[in-house]
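Please look over the sequence and structure below before reading on. The numbered points that follow are meant for someone meeting this structure for the first time.

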Amino acid sequence: MPRMSEAVLAINFAGPHVAIQDEGRHGLMRYGVPASGPMDRTSFAAANAAVGNPAGQPAIEVSMGGLVLDCVSGDVTFAVAGGGFIVEHAGDKRGAWMVATLRAGERLAIRPGHWGSWTYLAFAGHIEAKTWLGSMSTHSLSGLGGGRLAAGQTVTVADPDVRDDRHGPIICPVIARPRSELRVVVGPQDRFFSKETLSNFLSSPFRLSDAYDRMGVRLQGPSLAPSVALDMPSEAIVRGSVQVAGDGVPAILLADHQTTGGYPKIATVVDSDLDAFVQLRPRDHVGFLAVTPQQAIENIRLRAATMSRYLAAVRDGPWNVLI
């Protein structure tokens, strides 16, 4: 039986920050363009691997606001990976980390479960959406890229594939679960803070505030007010920077962070911890552990090797490994 050339999906409901993302818009920060891309790169990669897609293929990032869509025409296999979200489809209610096929006339609903802030919906096919500077990743403030989803829109999946052989659960790896202790490299502007403030930063618990979006999250905890005048010029910043405003409130910068900033950065979160960190929710606690730059590099390399093995197992199956 010939495969339909497209599947058409009607958006019934989409919460805030539900948008199309690919692997990101890299190499343009020197021009003031944020990289964007998925908040949780681990889960994004797992969803794509589970349906046999190439790495970085566009998917739908779903926030705690949830997503409901109806399949108007065509059949397409899909995967949901990330967080402990609830997936309702064809009369069944299951957890995320699963693969099934959405058929014409069926509804798919994704809602938050007991843990996690972001999940990813990948299709065995190619999502058709606008590109901006060579990427479909949506920049949340401008809406440029593939775009935010809203009720009344449609999403078209070109060349949809049905992969019944991939139906079933995906193992959720340990590295994808929320992480409440973040490894950090102190600095680069630790000179703006007293020894007591640095000690408080590394020994005190903080909570994620409700001021949490794709640009970053502000933390609640002891004040980290700088001890000297802020006379530093604006400079480049990176994902994971722990930036402290003049009021002493720290914020961890995330996928849509600005490209330059003039506030001091007391530390930088090791990149390998960020995907698990973003699966925490507002009012969850987090603490910081100082590591050396060499230890940070070793952690990143170890995690990359672990992730490579995991994705290979997901692509090839059977999915009976826990990493």
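**Notes on the structure**

1. The bridge partner of I60 in strand 10 is L121. Strand 3 (residues 59-62) and strand 10 (residues 119-123) pair in the antiparallel sense over 3 bridges. Strands here are DSSP runs (E, at least two residues) and helices are DSSP runs (H or I, at least four residues), both numbered from the N terminus; two strands pair if DSSP finds at least two bridges between them.

2. This is a predicted model, in which local features need pLDDT of at least 70 and side-chain atom pairs count only at pLDDT 80 or more, while totals for chains, interfaces and linings use all residues. Residues are numbered from 1 along each chain as its sequence is written, and side-chain values use heavy atoms, with hydrogens and water left out.

3. Which residues touch the most other members of the largest nonpolar core? They are I60, L121, I252 and F277, in a core of 79 residues. A nonpolar core is a set of buried Ala, Val, Leu, Ile, Met, Phe, Trp, Tyr and Cys residues joined through side-chain atoms within 4.5 Å. Buried means under 20% relative accessible area, exposed over 50%, and partly exposed in between (1.4 Å probe, protein chains only).

4. Leaving aside neighbours within four places in sequence, I252 is in contact (heavy atoms within 4.5 Å) with residues including L182, M215, V217, V269, F277 and F288.

5. Most residues other than glycine have a negative phi, and most peptide bonds are trans. H17 has a positive phi near 65°, and D159 has one near 50°. H17 is in the loop between strand 1 (6-14) and strand 2 (19-21), and is partly exposed at a relative accessible area of 30%. D159 lies in the loop between strand 12 (154-158) and strand 13 (168-169); D159 is partly exposed too, at 42%.

6. The peptide bond joining G187 and P188 is cis, with omega about 15°. P188 is placed in the loop between strand 14 (181-186) and helix 2 (195-203).
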